[in-house]
Amino acid sequence: MDVDIWAWVADTQRQLAESGNTGLAIALGDLPAQAFEGRYAQLDVMAPAVAQQAEALELPWLELFARHWHLVSRIGDRAQGSVALSDAEALLEFARREDTKDCPSTPAAVEALAVCQANIDGPGYAAERLAALGAALEGVEPGSAAFCGLATQYVSALSDAGESEQAVAYYESAVAGRRGAEGQVSWELAAMGVRALLNAGRTQEALVELDAARDFPADDPVAKEHREGVLRALVLATAERPSEALEALPDLDVIGDHPRDWVEWARAVRRLDQVISNTWQLGRVLRQWMAYFETMGVHHGRVELALIAGELAVARQGIWQARALADLAESWSGELRTTDGLPERVAALRAAAEAATPPKAPGPQDELVAYFDAADGHNADPERWVGWLWPLSGTDLEATRRHTTTLGFLGYAPLGADILWKTIVEDGDPATAEEEDVAYLTGVLVEAGQDQRLERFAAMLPAPASHLSLARLHRARDRWAETTSEAEKSLAAGAEGTVALEARRLLAGAAQQLGDNAKGAAILRDLVASDQGEEEDIWRMIVMATAAEDWPLVREGAAKLGMQLDTTEGPIDEEWHLVRVVLPVSDGSQREVLSVRTGPATARLLIPQPRGMDYNAGDIVVIDPRPLEPVPETEEEQESYVIPFAGVALLRPGGYTSWFFDGAAPSEADWTEFNEVMAERGWPMWVYSDENYSVTHPTTGERLQGVYGWIAVPPGVEPVEIDALLDDATERWSHPLAWLDLARSAGIEVERHERITKEYGL
């Protein structure tokens, strides 16, 4: 059975809509777009919800579809490895059930498992992938929608198995079969063929093949441009055409959001190390990528990145870093099923590091700390400073502090932790260590993920510092009840000075996270009253006091900051200036809502929101007064700039109800008059459609400019009143406007609005 997947989606959406499951129908169509467009926070919420709903409705094909697209987003652009393996295996098992085996998404489950295994350890899983993909391909015709994806992964598995020429031969036969079936070759299949040619040493052929595939349709059209750029840069660099390769290579700020392409990008950069900016910043980014791969279980990828980063480090005289990366590559190789060729590469990296000449220090060794402190923070090279300070680290306390902090900054916190541990714990007495050093070691251990070691360290400290160190650990791990307990114990044990100050801040922050804003505000009030607090403490107090509606305390904080308020008592509800409030959505995404700031930490939403949202126009929300973006420096830019703030909580709902309208756009004069009518009533209205939205003329079939949006009405306004106003405001329009949900609620002319919706294709 070969069902067109998109025809099935369209048919399923229609059936869901007709049965009243409109929201589910819309979500079904949006899942692939969320995956391609990188709306992962939204997809991580939406896809499981759709799958759960499909299971409840006993729609296994729909459940498989939702689970598939969620997995694709994880193992595709996000390049998850072992963390997704059990889900990939479970999806394949689900796809083989009797009630799902004929679903068009079933072959994709085989492909997904192969991709996941390739992410983890391509060469190590090559044999398994070839067996599973080969079996799946036996039942798939070259003209099938599933063919290109399965063939792409088969070529990839052959390459990972070291069978480069076989990979090329299979690719060529797959392309011939696809074209013989009058099907289009996907860009992804062609790109994998290019990689196979490159692995086989047939660089010029790879470039010709890549040029020929430029206009091929992509399974992931959003990613095609940057993926093609990375692959082109690698091919051109291999062909020793560095200037063209550099021009093709996507910038780091583009590729940084796409983990799937990191290894290939790094390979291209390694071949271009003579023409790119091979700086410590590049090394730091590559180390961050390795950390991400470590978290996601991308074992072979992190080893590959470590070796490439090590070679780049040698090229810029980052000797200590090259050695550290060789150690990491060797250690991480233990996670691989096969290490063919890797020990030799690790040995070569170590040999290159030993043979390289380190850069000369800027001054005598006993003066390096002073030189470090005097260095220009913007232009100094922290990678070189790590190498220069290394001989002093562990013996000179000031040098050790700077050295280990810089190691952590560059992504090597475990190395810094080892040095600090020896200095403070093994060679010193933790009980008498300075607060600054305790804080340094605590922070480095937290950053290195060495929680048990930190607990051991805390047990060696005096009680106030011990409990504070544990509170820091719990805060970093989002364990708020434990943070509260340890911060309270620190204070109870007699914490003084900066230890007591931080304990109170941790206690206040934990109270806020646990929903007790009144307690958090009171803690900060005592801190502020003691004159130990800083301006940030006052703002945090204002936010918590606002959430607790402790208006006297808000005014007290505002007075501390020199802010003038119009009122002296009661809720603060003034008219300040326009702001953008960024609010969370239940599907995991965020929405920016134009609002007016009404106080130090409050704003009133101005824009109507669709039904089902947790907030609407008229709602008063608590905001974090720290801007989410830098405010422009020039007055000209500031004039049109609306500052964005994060929404913290809903303070007071306005009680507004939103109603949807849809139809052909009226004339400019009619639309202006319509807006004036809404403004006179004080009913917020917002158009959500853009210039690309069109509707169908019911008689000629021509496309007309469309318009849709939401109108929000305050409490007490009945649907019949809204219907009457809209009817009167639009009766002279050339084309009618539809407000079907409102008509149903009012019980007025429902059939007319249903007819408009159908005739205009709304």
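**View 1. Aromatic pairs in the predicted model, with W262 and Y292 as an example.** A search of the whole structure finds 22 aromatic pairs, where rings of Phe, Tyr and Trp (its six-membered ring) pair if their centres lie within 6.5 Å, and planes under 30 degrees apart count as stacked, over 60 as edge-to-face and the rest as tilted. The centres of the W262 and Y292 rings are 5.4 Å apart and their planes stand at 70°, so this pair is edge-to-face. Because W262 lies in helix 15 (residues 262-271) and Y292 in helix 16 (residues 280-296), the pair ties together parts that are 30 residues apart in sequence; helices (H or I, at least four residues) and strands (E, at least two) are DSSP runs, numbered from the N terminus. W262 is buried at a relative accessible area of 4%, whereas Y292 is partly exposed at 22%, with buried meaning under 20% relative accessible area, exposed over 50% and partly exposed in between (1.4 Å probe, protein chains only). Both residues belong to one aromatic cluster formed by W262, W265, W289, Y292 and F293.

This is a predicted model, in which local features need pLDDT of at least 70 and side-chain atom pairs count only at pLDDT 80 or more, while totals for chains, interfaces and linings use all residues. Residues are numbered from 1 along each chain as its sequence is written, and side-chain values use heavy atoms, with hydrogens and water left out.

**View 2. The tilted pair of F661 and W671.** The ring centres of F661 and W671 are 6.4 Å apart and the planes are at 50°, so the pair is tilted. F661 lies in strand 6 (residues 657-664) and W671 in helix 33 (residues 668-681), so the pair ties together parts that are 10 residues apart in sequence. F661 is buried, with a relative accessible area of 1%.

**View 3. Arginines over the faces of phenylalanine rings.** R67 lies over the face of F94, at 4.7 Å from the ring centre, and R597 lies over the face of F645, at 5.2 Å from the ring centre. A charge sits over a ring if NZ of Lys or CZ of Arg is within 6 Å of the ring centre and within 35 degrees of the ring normal.

**View 4. Positive phi at E182 and E549.** E182, a residue other than glycine, has a positive phi near 60°; E182 is placed in the loop between helix 9 (164-180) and helix 10 (187-199), where E182 is exposed, with a relative accessible area of 77%. E549, also not a glycine, has a positive phi of about 55° and lies in the loop between helix 30 (535-547) and helix 31 (551-560). E549 is partly exposed, with a relative accessible area of 38%.
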